[in-house]
Amino acid sequence: METTAQILELSYALDTFYFLLSGALVMWMAAGFTMLESGMVRSKNTVEILVKNIGLFSIACIMYLLVGYNIMYGDSASSIIPTLSFLVSGDNSVEAVIAGGEDAPYYSDLSDFFFQVVFVATAMSIISGAVAERMKLWSFFLFAVVMCAVIYPVQGYWSWGEGFLDDLGYSDYAGSGIVHMAGAAAALAGVLLLGARKGKYGPDGSINAIPGANMPLATLGVFVLWLGWFGFNGGSELKISDVESANAVAQVFANTNIAAAGGVVAALIFNRLVLGKADLTMALNGALAGLVSITAGPDTPTMFQALIIGSAGGVIAVLSILGLDRLRIDDPVGAISVHGTAGIFGVLAVLWTNPDATLSAQLIGLAVIFAWVFGVSLLVWGLIKLAMGIRISEEEEYGGMDQTECGMEAYPEF
Amino acid sequence: METTAQILELSYALDTFYFLLSGALVMWMAAGFTMLESGMVRSKNTVEILVKNIGLFSIACIMYLLVGYNIMYGDSASSIIPTLSFLVSGDNSVEAVIAGGEDAPYYSDLSDFFFQVVFVATAMSIISGAVAERMKLWSFFLFAVVMCAVIYPVQGYWSWGEGFLDDLGYSDYAGSGIVHMAGAAAALAGVLLLGARKGKYGPDGSINAIPGANMPLATLGVFVLWLGWFGFNGGSELKISDVESANAVAQVFANTNIAAAGGVVAALIFNRLVLGKADLTMALNGALAGLVSITAGPDTPTMFQALIIGSAGGVIAVLSILGLDRLRIDDPVGAISVHGTAGIFGVLAVLWTNPDATLSAQLIGLAVIFAWVFGVSLLVWGLIKLAMGIRISEEEEYGGMDQTECGMEAYPEF
Amino acid sequence: METTAQILELSYALDTFYFLLSGALVMWMAAGFTMLESGMVRSKNTVEILVKNIGLFSIACIMYLLVGYNIMYGDSASSIIPTLSFLVSGDNSVEAVIAGGEDAPYYSDLSDFFFQVVFVATAMSIISGAVAERMKLWSFFLFAVVMCAVIYPVQGYWSWGEGFLDDLGYSDYAGSGIVHMAGAAAALAGVLLLGARKGKYGPDGSINAIPGANMPLATLGVFVLWLGWFGFNGGSELKISDVESANAVAQVFANTNIAAAGGVVAALIFNRLVLGKADLTMALNGALAGLVSITAGPDTPTMFQALIIGSAGGVIAVLSILGLDRLRIDDPVGAISVHGTAGIFGVLAVLWTNPDATLSAQLIGLAVIFAWVFGVSLLVWGLIKLAMGIRISEEEEYGGMDQTECGMEAYPEF
């Protein structure tokens, strides 16, 4: 009897530890997005994107604590309309854990909060890249408050919070749709209201590349994200303390890695064949698109299948980037393509290897998440635009946001 | 019987693994300080600060092995005067572990050493930022030898080594006072003897900002520190293998994160209201001050309380930075405010949520640690000044330390 | 009975988790090499080195999945000639694990693959630094295909795959020889065929320093590698779930850390005494050389012995760098010295502390690995040279590879 209790305690400790480390790795992704975006913008807008990123992460943590988590995992009678519960209080008692059985808690509630909170920050990070170099800082922060408190958690309730998308059988392991496509949908709404950066699209229909200021930082950012994704996907198994769970986590790690590798190689070869160059930014976006693509279902493919999914995702993201530019939708870091287009692909790719997924559930899930996030975001961005504006002035755009918004330069000596 | 032994072995393995990973995360903080400081100094002094940081980390590891650890955790008959033991030899036997009971070791001794050694390096890293851009490299290294061998370990013995501060009930979970304020006290002593950088304070009383050369690196440094802090605070529970310990570690992770977030938002809002700008360096220092503030007691507050503590810490650090500048105490990275002032606040904030802490013990602890570290550091810096000087020449300061001390440039092509 | 099965499952989970996190840390080393190399080359060749690094990591993962792993750990009747098996399919069943006993699997097969695959990427990363600034990108990628599919795995089969070097008693814990010296041997073959960069060696016998463009990035890279090495060496114990294994992992962490510290301090002091400067690049290479030196046997020395081994390795690498320059062998980042010379030293240093190692076995191991990797690499580089060339044109070299190979600049605004 005592032995069983000790084993249950030890299992609880291991699963909690696994959750906490996974969460820490996802928190680290915030650094990845920050480096990626600060490398991909011009030096005159670099300080602003740094403030935006550390600010949005902090806002996400606070708003999710105060509101979002309590919506997403609250006890609602309706599978559509969530209610606000108050969830973040104590933690599980020893008695509850050692009681064992199906309903016994097997990891710390606070470790669950920590793991969930960094996901909303990830969704929010996706947005900051797409609206870079022209959106007002404090308007962005205001949107972050609403996104992290309400927009993300409501659709999270529908899927991961046991709402109607979960009932329907929508299958999205770590959130290709729920996190990545959701972030991209909110970003798209913002970008449409915001317009392109001055000089990006010529009046003659030309598309002008606006190179980022610091390619090593952008590359570092992708490596950081790659590492962090082991927490993002690997932690989403939610348990590691038995053989089947441990095998599943190992499969997720291996598949996540090989999908990213496939995305890089596919993007490099595609660019080499089509454009004749080994384009770094496409290789980086290929890695991220590979990661996004596998995220909806890293637990069912073999590594060979994961390699194919990631490779396809890499090419799809490159095509999407080229396509959005033709539509004159300006996304400085390619976030909408990498997280949105590849995210949609990822949700659909689940159908290939997971027999439990259905085409209808995946399509409904994508449609519902996109409609909700894009629609409400459009409304919120619109209201902010009316209230305080969302776009910086032309002079500010030419002079750079660092001086006017932040009062300092990123590289004052160069 | 055998089953019990197996469970004890497995617990031992989990606690050791948890310790080792926590230590690795704290080691990673060295990279954080390095990036933060190299981003905050001018490019002409960047190589020197890089050498200083990788050098001090290495010196800290060696001196703590040879002397410091054996002082801090030695077997002394006196609770005030430590003795030098020889601790780092073998490790625990299987027999001792499976004997079980109160006194049985539950993690590897070498994992304990590894976890402790990176703390002294953290304290030392705090100092290098404050004395940047004007202190002689080898004088600094000499101080590092004494700090890591004697100054830090002696006060560490008083508190964590079961000396008289521990007896008094001084409560400092992961070292807001023992590590951060101690580092700041040594830094303050050095700065007072060293004086301000040329041009920082005008003869007319003006205070001139000397912008750092590379803001993305400074921001990266803060994210690295944020991540590493999960090891710093999370590992300080010293055990994770049962339900209560696992819950405590989860609480520490969640509180550490939300305190940092609070520090960022509070510093951003405060600067916005008072100075009108979204100051990046203040946001970064806000994050660190939030982290320092929660470090003395991340295991007792709720997340809401941790949010308040971190937010208050962020504002306090900003005020302290402005205040030190008025006193013409030049600290290029704000280390004394972020680690010292916020560290003092953190030790006192324990009183709010931890009923076991007493005001007298916290005040005595702070006073003793400050008096010891500041006093002995002043003496040691003074002796080094007499023996070999601590300040570089005026020409060196104008030309930059990289050429004279290191013979190379950080960014030779720009 | 059930209790025993639960304990075996939990052990399996812990060992798998330990393996996966170790692998993630080794994957992170790819970021370290990328930052190190991108900081050490000139800005005109920076994008190319970034593409090279993210590309090689991806190629390594794919080729090791498709071919290499199946060679290295395949079931061959011969201890010399490996055969191609198909290993990466399912994972261990619960039944096999809870059967217990000597032959029962104690961690996930896929976690093993993940841990092994990042090692081949490490070997490949070593090469990219040595051939930097003058090798054609796609020729390099082609070599990476062969290296990761065949060259590395065959000698890996001989040692870690239970081939004839293992039978002989060759002792190389985490691969000072098998990974680091092997990478350096392939790099040396490439460098000899490639020749030095224009301007590196004057016709009058002069040796010209070609400073890297970004020292903070290079330093960051070393810290990343230092952190990642805890996974590289720490994971190579392959097990942590009992007291002896946990103690061994702790010893490996502590020794790895102190060896790196010793390498830094020894290199700094040596340079100070001989050259009069605190040379940053030598300190960085000292750290890496210390790490490489301890890698062949971090499980047997005391920390004091590890400190000596690391310190000696640091000095040896510095001497080797100076020596190779005299031989006009141009290695922009010092990779051949740091991984090759220090790797050889590390394999021999095992003799000092590990009574099971024999001089003959260590020498034969080194000779066999070097002969195989250097010989086959020379052939492969030679064939690639014939087929498509390996060196860029003189104009490309003067103008920089970023424009011609990648069509973009690393720092376009500076």
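This is a predicted model: local features need pLDDT of at least 70, side-chain atom pairs count only at pLDDT 80 or more; totals for chains, interfaces and linings use all residues.
**Ground rules.** I number residues from 1 along each chain as its sequence is written, and I letter chains from A and number ligands from 1 in the order in which they are written.

**Entry: chain B against chain C.** I looked up the contact (heavy atoms within 4.5 Å). It takes 62 residues from chain B and 60 residues from chain C. Next I took buried area, which is the accessible area (1.4 Å probe) that two parts lose on being put together, summed over both. Chain B and chain C bury about 5,000 Å² between them, with 82% of it on carbon and sulfur atoms. On the chain B side, B:L10, B:F17 and B:I54 lose the most area to chain C, together 13% of what that side buries.

I then searched this interface for salt bridges (a side-chain nitrogen of Lys or Arg within 4 Å of a carboxyl oxygen of Asp or Glu). The rule finds zero between chain B and chain C. I also counted polar contacts, meaning a pair of N or O atoms within 3.5 Å; within protein, one must be able to donate a hydrogen and the other to accept it, and residues adjacent in sequence count only if both atoms are side-chain atoms. Chain B and chain C have eight residue pairs in polar contact, both residues at pLDDT 80 or more.

For elements I use DSSP runs numbered from the N terminus: helices (H or I, at least four residues) and strands (E, at least two). Elements giving two or more residues to the chain B side include α1 (2–40), α2 (46–72) and α5 (137–159) of chain B. The largest share of that side, 20 residues, comes from α1(B). For classes, Ala, Val, Leu, Ile, Met, Phe, Trp, Tyr, Cys and Pro count as nonpolar, Asp, Glu, Lys and Arg as charged, and the others, Gly among them, as polar. The chain B side divides into 42 nonpolar, 15 polar and five charged residues.

**Entry: chain A against chain C.** Here 59 residues of chain A are in contact with 62 residues of chain C. The buried area is about 5,000 Å², of which carbon and sulfur atoms give 82%. A:P216, A:F223 and A:V243 supply 14% of the area that chain A buries against chain C, more than any other three residues. I find zero salt bridges between chain A and chain C, and eight residue pairs in polar contact (both at pLDDT 80 or more). Elements that each supply at least two residues of the chain A side include α8 (215–234), α9 (243–275) and α10 (280–295) of chain A. α9(A) gives the most to that side, with 17 residues. By class, the chain A side has 41 nonpolar, 12 polar and six charged residues.

Entry: Grid points are joined across faces, edges and corners, and a volume is the space filled by probe spheres set on the points. The count comes to 14 cavities of 30 Å³ or more. Of its 15 lining residues, A:L21, A:L25, B:L25, C:L21 and C:L25 are the closest to its centre. The lining divides into 15 nonpolar, no polar and no charged residues.

**Entry: salt bridges overall.** I find 24 salt bridges over all chains.

Conventions
Side-chain values use heavy atoms; hydrogens and water are left out. On a 1 Å grid over the protein atoms alone, a cavity is a set of points where a 1.4 Å probe fits but cannot get out, and a pocket is an open set with protein on both sides within 12 Å along at least five of seven lines; lining residues have an atom within 4 Å of a point.
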